[in-house]
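Subject: Structure for you, with notes on salt bridges and helix packing

Hi there,

I am passing on the structure we talked about, and it is shown just below. Please have a look when you get a moment.

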Amino acid sequence: MERGSNMNGGGGKEVVGVANKQSIRWTDFGLRFLAFVLTLVAAIVVGVDKQTSVVAVQLVPTLPAINVRATAKWHHMSAFVYFVIVNAIACAYAVISLVLSLANRGKKKGLSLMIILLDLITVALLFSGGGAALAVGLIGYKGNSHVRWNKVCDKFDRFCGQVAAAIVISLVGSALFLLLVLLAVLNLHKNRRL
């Protein structure tokens with residue numbers, strides 16, 4: 001048997017090329033599915049996050065503090081609302097792009113480029129939502145003495161913990177979308193060189 005030939009009579013490069021396309025397709029499928037799961041979990045974790053606590057409020061420094069029941073909900077802060085909406089959009093897009101990429105299988109370059117562009121937009125949305133939620137979360141965790149904003153995470157610790165976990169999960173999901181963009185660009189570059 002000659003070196004470089006195979007049982008089917010074709011060249012070795014064709015077999016390797018098909019194997020590489022197959023592995024890229026399954027990598028794409030796996031990353032998209034993981035991104036779907038992570039963005040879904042992040043949206044759900046913040047979407048169901050709610051905690052009620054008794055908070056001491058002092059209206060006048062000379063009077064004693066009054067205990068008031070307060071509830072922390074995700075829709076009380078616009079940054080958390082944005083975070084949930086962005087993760088829901090990314091989750092829905094992950095399902096749509098999963099179906100499109102499986103149906104396309106690299107046949108139509110225009111559809112592949114559209115998926116890459118939408119992946120990039122999804123990365124931007126997820127990072128902006130994570131950044132907004134993280135900024136508000138840090139103010140809740142540390143407060144801001146310059147403008148007299150007290151920290152609230154010492155009173156709503158479970159609420160803050162769930163938000164922090166959701167932010168980390170969402171950022172991992174956005175990193176997966178970024179990895180999808182990088183892999184697609186590398187694949188386009190590799191195909192362009194051939």
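This is a predicted model: local features need pLDDT of at least 70, side-chain atom pairs count only at pLDDT 80 or more; totals for chains, interfaces and linings use all residues.

Residues are numbered from 1 along each chain as its sequence is written, and side-chain values use heavy atoms, with hydrogens and water left out.

The structure holds three salt bridges (a side-chain nitrogen of Lys or Arg within 4 Å of a carboxyl oxygen of Asp or Glu). Asp28, Arg32 and Asp119 are joined in a network of such bridges. Within it, arginine 32 meets aspartate 28 at 3.1 Å, N to O. These two residues sit four apart in helix 1 (residues 12-47), about one turn of the helix; helices are DSSP runs of H or I with at least four residues, numbered from the N terminus. Arginine 32 also pairs with aspartate 119, with the closest N and O atoms 2.7 Å apart. That pair links distant parts of the chain, since aspartate 119 belongs to helix 3 (residues 109-142) and lies 87 residues from arginine 32 in helix 1.

How accessible are arginine 32 and aspartate 119? Arginine 32 is buried at 3% relative accessibility, and aspartate 119 is buried at 1%. Here buried means under 20% relative accessible area, exposed over 50% and partly exposed in between, using a 1.4 Å probe and protein chains only. Aspartate 28 is buried too.

Lysine 155 and aspartate 154 form another salt bridge, at 3.3 Å between the closest N and O atoms. Lysine 155 is partly exposed at 32%, as is aspartate 154 at 48%.

Now the helices. The axes of helix 2 (residues 78-104) and helix 3 come within 9 Å and cross at roughly 160 degrees; axes are lines fitted to C-alpha atoms over the stretch in contact, and angles run from 0 to 180 degrees between N-to-C directions. That makes the two helices roughly antiparallel (angles over 145 degrees).

Finally, the unreviewed UniProt entry lists residues 79-103 and 115-141 among its transmembrane regions, though such annotations may be inferred rather than shown by experiment. In the model, residues 79-103 are 100% helix, with end C-alpha atoms 36 Å apart. Residues 115-141 are also 100% helix, with end C-alpha atoms 38 Å apart.

Best wishes

Terms used:
Angles under 35 degrees count as roughly parallel, over 145 as roughly antiparallel, 65 to 115 as roughly perpendicular and the rest as oblique.
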